Each structure stands twice: as C-alpha cells, then as structure tokens.
Amino acid sequence: IGMSLLLQILLAWQNNSALGWNVISREIGFILLGSKPGVDAFRVMSNVPKHKKHLWDPFLDMIYTKGIELVCESIPGCMIQIAALLDLPKDTSMTGGTGVA
C-alpha cells in the first residue's frame, strides 16, 4: 500500500505542479484519506474540464490512478491469496466451517 500511495502522490504532484502547493496538498489529502477514486469518478462524471495548466484531463488521471492501484495492490493481494490456497493441506475443507458441501 505504501508504494501505491507514493506513486499516487508523485502522479498528483506531477499533474498539479503548475497550480501551486494549495492544489497539490488538497490532492495529496484526497490520496491519504483514500477518497481519490471517488473524487476522480466525480470529476469524470461531472465532465470537469481539463485545466490549461494540467498535464492530462480527469479521465486520464483516473486511469493512471486505477493502474497504480491494480499494479501495487490488487495483483500482489491476489498472488498472496493464491499462495495461501496452494499451501493448504490436501484434506482441508475450503468451506470455512460453514457446513456447505
């Protein structure tokens, strides 16, 4: 998660560096609070226009953010779950004790 946060902060800094530290700190706050995906979705759905000093539009920003989350969080998490499942003994039930056969 740390790598994901760091890459998202670098991405926000790069896109907003021409707008000043107030905008950069607001974007970093969204990232650290975990609300960046929601803010990005709102900007895309509301058709927020690209600021002339931004490097890319809100849709591309959302795509970059989702890509970072996929590479840094989702794929490693999936690999950990697969490794845990492959490490189970053969006679272990995968139902989790729910009684489902």
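**Helix packing, then cysteines and a loop residue**

I started with H3 and H4, which are roughly antiparallel to each other (an angle over 145 degrees; under 35 would be roughly parallel, 65 to 115 roughly perpendicular, and the rest oblique). Before going on, I noted that this is a predicted model, where local features need pLDDT of at least 70, side-chain atom pairs count only at pLDDT 80 or more, and totals for chains, interfaces and linings use all residues. I also noted that residues are numbered from 1 along each chain as its sequence is written, and that side-chain values use heavy atoms, with hydrogens and water left out.

**H3 against H4**

The axes of H3 (residues 36–45) and H4 (residues 58–86) come within 9 Å and cross at roughly 155 degrees. Axes here are lines fitted to C-alpha atoms, for helices over the stretch in contact, with angles from 0 to 180 degrees between N-to-C directions. The helices themselves are DSSP runs (H or I, at least four residues), numbered from the N terminus.

I looked up the handedness too: H3 passes H4 in a left-handed crossing (the near helix is turned anticlockwise from the far one by less than a right angle; clockwise would be right-handed). On the H3 side, I find Lys36, Pro37, Asp40, Ala41, Arg43 and Val44 in the contact, facing Pro58, Phe59, Asp61, Met62, Thr65, Lys66 and Glu69 of H4. Contact means heavy atoms within 4.5 Å. Sorted by class, I get six nonpolar, one polar and six charged residues. For that sorting, Ala, Val, Leu, Ile, Met, Phe, Trp, Tyr, Cys and Pro are nonpolar, Asp, Glu, Lys and Arg are charged, and the others, Gly among them, are polar.

**H2 against H3**

Next I took H2 (residues 21–33), whose axis is 7 Å from that of H3, at an angle of about 120 degrees. That makes H2 and H3 oblique to each other. From H2, Arg26, Glu27, Phe30 and Ile31 meet Lys36, Val39 and Arg43 in H3. By class, this contact has three nonpolar, no polar and four charged residues.

**H1 against H2**

H1 (residues 2–16) and H2 have axes that come within 9 Å and cross at roughly 155 degrees, so I put them down as roughly antiparallel. H1 passes H2 in a right-handed crossing. H1 brings Leu5, Gln8, Ile9, Ala12, Trp13 and Asn16, and H2 brings Trp21, Val23, Ile24, Glu27, Ile28, Ile31 and Leu32. The residues divide into 10 nonpolar, two polar and one charged.

**Cysteines**

How many disulfides does the structure hold? I count zero, a disulfide being a pair of cysteine sulfur atoms within 2.5 Å. The sulfur of Cys72 has its closest cysteine sulfur 15 Å away, in Cys78, which is too far for a bond. Cys72 counts as buried at 18% relative accessibility (buried is under 20% relative accessible area, exposed over 50%, partly exposed in between, with a 1.4 Å probe and protein chains only). Cys78 is in helix H4 and counts as partly exposed, at 39%. I also checked Cys78 against Pro49: they are 29 residues apart in sequence and 36 Å apart in space, C-alpha to C-alpha.

**Asn47**

Last, I went to the loop between H3 and H4, where Asn47 is found. Asn47 has a positive phi of about 55 degrees although it is not a glycine. Most residues other than glycine have a negative phi. Asn47 is exposed, with a relative accessible area of 66%.

Technical notes: Helix = DSSP H or I, 4+ residues; strand = E, 2+ residues; numbered from the N terminus.
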